[in-house]
Amino acid sequence: MFKNVKFLVLWLTNDCNLRCKYCYANAGEKNEYMTFETARKALEMPKSKFKLQLAGGEPLLNFNLVKDIYNYLKVNNPEIKIQMQTNGALINSEVAKEIKKMDISLGVSLDGPIGINEKLRGKTKDVINGIKILAQEGIMVNLNCVVTNESIQHLHKLVDLALYLGNVGGIGLDLLRETGRASNGEVKKATPSQIEKHLKEAYNRSIELYKLTGRKIIIREIEDARKRITENNICTDYCHAVYGGSMVVHPDGSLYPCGSLSKDEKYYMGNISNLSSQREIRITNNKSESCKICKYEKICVGACPARNIINGKSSEINIEDCILRKTSFKIVEKEIKQGGEEYKNANY
């Protein structure tokens, strides 16, 4: 059982210090916390080397468990490196020093400049202060931006902010999932035209800043497109859950293939403390008929299968995913035609 697990996510708590308007997990409405015993059982389940991500909720609310996990791995599985997704608002000097000691790779959620992030997430000044404190310890981070019809319009300003902070390597884009607190329709998806227009705008801004400063702010989806165009033997599975290689463990020990599908009984994989309840689940990596005539079909990962399920498109690709991927491929192709060098002579 679970011999293919290569990506293990420990959901350290479903409690949160923020109340993001679109939170797919309704984080903060419950305050369950994972115990070390549950974490230890989870860490023993994969049968080969795996990636470990700590998430939630806000994992820093259970920071003692983060340290316990690190100490356990240091003795029992020192090859495993820890990565963590955090909102960053709880980071102080003491926490930053501990993160550096544990060599944890960090993703920090930030949706845009102060006004936009404050509207969607809150406590923006604390988040920015936390990133600055990490910079003082020499810790690099990547930003994760949830793409909504508002945040996408300010993506170029997020590039500016990333450069200003000084310790941001890149920005990843996460299209809105219409579940959890996003179900009420208050927060809207970005339209395909918005995605195309503002992704190009943000990339142009990153190039402009690179020419001025020599520092690059990578946009993850465009960097991925570059690798897919220029390298051979690229995997087209969207994520580990597609081949049964992903496991998300909740504070109560319940198991799911993806955090976005948590609490959906159809995707319940059992409980970590009940061997007879456990089962493996793979999520179908569907592509639509239009994918078959797309020039990028053989190198494209398609759409997030969990987001397809949530947004009611389980048998086809979401148009927003399609435009995000296709625009990224087109940007890279044009860059190559203009000289083949990254960040050279680009004007899209």
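Select helices H7 and H10 together and look down through the pair: H7 passes H10 in a right-handed crossing. In this predicted model, H7 spans residues 192-213 and H10 spans residues 319-337, and their axes come within 9 Å of each other while crossing at roughly 35 degrees.

Next, show the side chains where the two helices meet. On the H7 side, select Pro192, Ile195, Glu196, Leu199, Lys200 and Tyr203, which meet Ile319, Glu320, Ile323, Leu324, Thr327, Ser328, Ile331 and Glu335 on the H10 side. Coloured by residue class, the residues of this contact divide into eight nonpolar, two polar and four charged.

Now widen the selection to residues 2-216, the range to which an unreviewed UniProt entry gives the annotation "domain: Radical SAM core". Over residues 2-216 the chain is 40% helix and 18% strand, and a distance drawn between the end C-alpha atoms reads 39 Å.

The last stop is the cysteines. How many disulfides does the count come to? The count comes to zero, with a pair of cysteine sulfur atoms required to lie within 2.5 Å. Select Cys23, whose sulfur is 6.2 Å from the closest cysteine sulfur, that of Cys20, and is therefore too far away for a bond; Cys23 is also buried, with a relative accessible area of 14%. Then move to Cys235, which is in no disulfide either, the nearest cysteine sulfur being that of Cys239 at 9.8 Å. With a relative accessibility of 46%, Cys235 counts as partly exposed.

Key. Residues are numbered from 1 along each chain as its sequence is written. This is a predicted model: local features need pLDDT of at least 70, side-chain atom pairs count only at pLDDT 80 or more; totals for chains, interfaces and linings use all residues. Side-chain values use heavy atoms; hydrogens and water are left out. Buried means under 20% relative accessible area, exposed over 50%, partly exposed in between (1.4 Å probe, protein chains only). Axes are lines fitted to C-alpha atoms, for helices over the stretch in contact, and angles run from 0 to 180 degrees between N-to-C directions. Helices (H or I, at least four residues) and strands (E, at least two) are DSSP runs, numbered from the N terminus. A crossing is left-handed if the near helix is turned anticlockwise from the far one by less than a right angle, and right-handed if clockwise. Contact means heavy atoms within 4.5 Å. Ala, Val, Leu, Ile, Met, Phe, Trp, Tyr, Cys and Pro count as nonpolar, Asp, Glu, Lys and Arg as charged, and the others, Gly among them, as polar. UniProt positions are given in the numbering used here, feature names are shortened, and annotations may be inferred rather than shown by experiment.
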